[in-house]
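Here is a chain to look at together, with some questions about the words used to describe it. Each answer sets a value against a definition and then draws the conclusion.

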Amino acid sequence: MEEDLVCQTCNGLGRIVDNNGKADICESCYGLGYVKGVYHSKPLSGSKLRLKRALVGTFGGLGIFYAIFLMALIKYSFGPILTLTVLLAGHLVAVTFLVFYILYRALHDS
Ligand SMILES: [Zn+2]
């Protein structure tokens with residue numbers, strides 16, 4: 001849902017007066033005096049932070065996967081086909097997890 005809201009920085013004037021008494025175009029609304037409501041309810045920094053967490057989680061998971069995979073490889077010595085299959089499956093799971101997480105977040109944010 002999107003709606004125009006009066007800019008909180010300049011109170012809808014589109015201009016702000018800085019410490020030197022000099023009037024300047026409001027940086028929050030670029031002189032329009034209003035902002036899209038969606039930007040207030042959904043700050044970009046929040047979704048970026050969540051994306052960062054998802055990425056860290058995915059790569060952390062991959063790191064654990066590699067560690068377990070390497071240990072299993074040393075212990076059981078898989079054939080080349082099985083090694084490739086396990087590696088491919090591991091990446092597929094990681095990518096799928098990341099995509100579903102982003103989709104899940106996108107659906108719950110709107
Ligand atoms: Zn403004």
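Q: Why is asparagine 11 called exposed rather than buried?
A: Asparagine 11 has 11 other C-beta atoms within 10 Å. The model is a predicted one, in which local features need pLDDT of at least 70 and side-chain atom pairs count only at pLDDT 80 or more, while totals for chains, interfaces and linings use all residues. Residues are numbered from 1 along each chain as its sequence is written.

Q: Where does tyrosine 30 lie, and why is tyrosine 30 called exposed?
A: Tyrosine 30 belongs to the loop between β3 (23–25) and β4 (34–36), and its phi, too, is positive, near 55°. Inside 10 Å there are 11 C-beta neighbours, so tyrosine 30 counts as exposed.

Q: What makes leucine 13 partly exposed?
A: Leucine 13, in the loop between β1 and β2, has 15 C-beta neighbours inside 10 Å, and this is why leucine 13 counts as partly exposed. Between leucine 13 and glycine 31 there are 7.5 Å from C-alpha to C-alpha, although the two are 18 residues apart in sequence.

Q: Which residues make up the largest nonpolar core?
A: The five residues are Cys7, Cys10, Cys26, Cys29 and Val35. A nonpolar core is a set of buried Ala, Val, Leu, Ile, Met, Phe, Trp, Tyr and Cys residues joined through C-beta atoms within 7 Å. Cysteine 29 is in contact (C-beta atoms, placed from the backbone, within 7 Å) with residues including Cys7, Cys10 and Val35, leaving aside neighbours within four places in sequence.

Q: How many of the chain's residues count as buried?
A: Of the 110 residues, 5% count as buried, in a chain with three helices and four strands.

Definitions and conventions:
Helices (H or I, at least four residues) and strands (E, at least two) are DSSP runs, numbered from the N terminus. A residue is buried if 20 or more other C-beta atoms lie within 10 Å of its own, exposed if 12 or fewer, and partly exposed in between; C-beta atoms are placed from the backbone. Two residues are in contact if their C-beta atoms, placed from the backbone, lie within 7 Å.
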